[in-house]
Amino acid sequence: MLYFFCLLYKQCLSSLIDKTLNVCPAGLFVEKDEASAVVRQKRAAAQLSLSQLESLKEVCEANMACEHMMDTNGIIAAYTAYYGPIPY
């Protein structure tokens, strides 16, 4: 449960960094679609094997912007943003 709240907090901060450098006005609360995106990423990651995740990571590491997004938002979000749907 703590992991989920940490992900929500991370998502809130990363989305605000892109928009402005203000503090998150709602604290740990995020919009429903942002929260569901985090949950979807977690579910999608759980369905992939470690070797599949590793191959996605290798592809993403070739692009510096994708690698940065991978560090902040996770491999599923980064790969999907830069390369489209996961092929597995």
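Analyst: E67 is partly exposed, because its relative accessible area is 25% and this class covers the range between buried (under 20%) and exposed (over 50%), taken with a 1.4 Å probe and protein chains only. The model is a predicted one, in which local features require pLDDT of at least 70 and side-chain atom pairs require pLDDT 80 or more, while totals for chains, interfaces and linings use all residues. Residues are numbered from 1 along each chain as its sequence is written, and side-chain values rest on heavy atoms, with hydrogens and water left out.

E67 belongs to helix α4, which spans residues 64–73. Helices here are DSSP runs of H or I with at least four residues, strands are runs of E with at least two, and both are numbered from the N terminus. The chain has five helices and zero strands, giving the order α-α-α-α-α along the sequence. Of its 88 residues, 27% count as buried.

From E67 the view passes to Y79, twelve residues away in sequence, with 9.0 Å between the two C-alpha atoms. Y79 is buried, at a relative accessible area of 10%. The buried residues of α5 are I75, I76, A77, A78 and Y79.

Y79 also takes part in an aromatic pair. Rings of Phe, Tyr and Trp (its six-membered ring) are paired if their centres lie within 6.5 Å; planes under 30 degrees apart are called stacked, those over 60 edge-to-face, and the rest tilted. By this rule there is one aromatic pair. The partners are Y79 and Y83, whose centres are 5.3 Å apart and whose planes make an angle of 40 degrees, so the pair is tilted. Both tyrosines lie in helix α5 (residues 75–83), four residues apart, or about one turn of the helix. Whereas Y79 is buried, Y83 is partly exposed, with 36% relative accessibility. After α5 comes G84, which has a positive phi, near 90 degrees.

Y83 leads on to the surface of the model. Together with V59 and Y82, Y83 forms a nonpolar patch with about 260 Å² of accessible area. Patches consist of residues with over 30% relative accessible area and no salt bridge, joined within 9 Å for like charges and within 5 Å for nonpolar side chains (Val, Leu, Ile, Met, Phe, Trp, Tyr). The areas come from the Shrake-Rupley method with a 1.4 Å probe, and for residues only the protein chains shown count as cover. A salt bridge is a side-chain nitrogen of Lys or Arg within 4 Å of a carboxyl oxygen of Asp or Glu. V59 sits in helix α3 and is partly exposed, with a relative accessible area of 36%. V59 and Y83 are 24 residues apart along the chain, and their C-alpha atoms are separated by 9.1 Å.

One of the helix α3 residues is E54, which is partly exposed at a relative accessible area of 39%.
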